[in-house]
Amino acid sequence: MKIRTGFVSNSSSTSFLIIAKEELNQANFFELMGIDTDSPIADLFEQFYQAVIQNVNIKIDFEVNDEQVPVEALFEGQRRGDISSHMLNKVKEAKHQGLKVYFGMLSSEESLIESFFCTDSFEVENEKIYFNGLECVW
Amino acid sequence: MSIFSRLTKSWHPILAKFSSKEKLISAVNSSIEAIILPLGRDSSTWNDSYLIGINTLIDEATFLSKAKVKSGTYAGELLTNLYNEIFIQSLELKRDYLDYYSLEYDSFDKYIRKQFLFTPEIVSAVNNQFGKCCQIIYFHPNYYFLQEGYGVEFLKKLFDIKGNL
């Protein structure tokens with residue numbers, strides 16, 4: 001029998017969904033997160049924002065998107081389980097309201113900051129942006 | 001929730017130094033100075049740990065305000081959890097020594113050396129701050145991003161440390 005001591009761990013990637021009235025940018029991302037741009041710890045959320053922007057796989061603007069295409073078809077090819085029924089319902093609402101949708105994945109294999117937010121689970125919303133990070137569960 | 005509703009004098013003796021709410025507010029409004037000493041990776045938890053020496057009590061509202069985050073938001077929750085980890089859940093070594101361990105160890109440096117097996121360099125650095133610090137906190141962060149070099153830089157920015165105490 002072999003006995004392994006020390007860490008045994010696996011890596012993971014977890015999905016996120018952002019729905020916005022306007023184009024997503026750092027200013028409205030900071031506003032959603034509740035941090036001032038001149039915060040002494042702004043760097044943490046700048047890196048979070050950059051990780052999100054760099055990992056958007058699907059961007060849909062429902063103002064100009066073909067209404068005939070069902071929402072489910074827009075996410076074909078994504079890993080099963082990465083987009084929950086809750087997320088799909090949110091996308092359907094976004095389609096109805098003509099909003100912008102960003103869908104992507106964060107990885108635990110990248111930077112310390114991305115790994116942290118990849119493994120956190122949250123759902124936040126203000127009057128401009130909805131951010132679903134609920135699938136971020138290990 | 002104010003510091004007074006969560007920390008009662010009965011289990012947080014350091015508050016007993018303040019006879020009224022006004023005195024505490026006066027203390028937290030004075031300038032905050034702190035020292036962060038990284039202790040490296042703990043072999044049992046595989047996490048980095050720190051000693052934080054601070055010259056005044058900080059309540060949660062002041063902590064969030066200095067970090068420029070809004071209560072009730074994602075960043076606010078993150079900082080509230082961090083506040084709780086540092087100021088509520090961590091060991092406060094100065095208080096513990098004065099209240100309990102001073103009977104067993106005749107000096108603070110002997111206490112932290114023998115009880116926690118800190119290196120002589122760390123013992124000396126902390127002991128030098130004993131008189132200046134209101135609290136000396138032994139902090140084991142749960143947040144993953146507080147590991148490695150980023151953790152030290154983050155805590156220094158958070159406590160606005162440009163130099164040591």
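Chain A exposes about 7500 Å², and carbon and sulfur atoms supply 45% of that area. The model is predicted. Of the 138 residues of chain A, 47% count as buried. Chain A and chain B bury about 1900 Å² between them.

**Fold of chain A**

- Chain A holds five helices and five strands.
- Along the sequence, their order is β-α-α-β-α-α-β-α-β-β.
- Take contacts in chain A between residues at least 6 apart in sequence: 70% of them join residues at least 24 apart.

**Strand 1 and its partners**

- Strand 1 of chain A spans residues 13–20. Seven of its eight residues are buried, which leaves the strand mostly covered.
- Strand 1 of chain A runs antiparallel to strand 3 (residues 100–107) of chain A, with eight bridges joining the two. Within this pairing, S15(A) sits opposite M105(A).
- Strand 1 of chain A also runs antiparallel to strand 5 (residues 129–133) of chain A, through four bridges. Here A20(A) has I129(A) as its bridge partner.

**Helix 1**

- Helix 1 of chain A covers residues 26–33. Its buried residues are N28(A), F29(A), F30(A), L32(A) and M33(A).
- The cover over these buried residues includes helix 2, strand 4 and strand 5 of chain A. Helix 4 (74–89) of chain B is also part of that cover.
- At the start of the helix, a side-chain oxygen of N25(A) comes to within 3.1 Å of the backbone nitrogen of A27(A).
- Just after the helix, G34(A) adopts a positive phi of about 85°.

**Interface between chains A and B**

- The contact involves 21 residues of chain A and 21 residues of chain B.
- Of the area buried between the two chains, 71% is on carbon and sulfur atoms. On the chain A side, I41(A), L112(A) and F116(A) lose the most area to chain B, together 33% of what that side buries.
- Polar links are present too: ten residue pairs are in polar contact between chain A and chain B, both residues at pLDDT 80 or more.
- Helix 2 (42–54), helix 5 (112–118) and strand 4 (122–125) of chain A each supply at least two residues of the side that touches chain B. Helix 5 of chain A gives the largest share, five residues.

**Salt bridges across the interface**

- Three salt bridges are counted between chain A and chain B.
- D38(A) forms a salt bridge with K68(B), with the closest N and O atoms 3.0 Å apart.
- D36(A) forms a salt bridge with K70(B), at 3.5 Å between the closest N and O atoms. This pair runs from the loop between helix 1 and helix 2 of chain A to the loop between helix 3 (60–67) and helix 4 of chain B.
- D36(A) is partly exposed, at 31% relative accessible area. K70(B) is partly exposed as well, at 48%.

**Salt bridges within a chain**

- The whole structure has ten salt bridges over all chains.
- K100(A) forms a salt bridge with D61(A), their closest N and O atoms being 3.2 Å apart. The pair links distant parts of the chain, 39 residues apart: K100(A) lies in strand 3 and D61(A) in strand 2 (residues 56–61) of chain A.
- K100(A) is buried, with a relative accessible area of 10%. D61(A) counts as partly exposed at 23%.
- In chain B, D96(B) forms a salt bridge with R95(B), with 3.8 Å between the closest N and O atoms. Both D96(B) and R95(B) are buried.

Definitions and conventions: Residues numbered from 1 in each chain as written. Chains lettered and ligands numbered in written order. Heavy atoms only, no water. Buried < 20%, exposed > 50% of the residue type's maximum accessible area, 1.4 Å probe, protein only. Contact = heavy atoms within 4.5 Å. Areas by Shrake-Rupley, 256 points an atom, 1.4 Å probe, with all protein chains shown as cover. Pairing = 2+ DSSP bridges. Buried area = accessible area lost by both parts, 1.4 Å probe. Salt bridge = Lys/Arg side-chain N within 4 Å of Asp/Glu carboxyl O. Polar contact = N/O pair within 3.5 Å; in protein donor to acceptor, adjacent residues only side chain to side chain.
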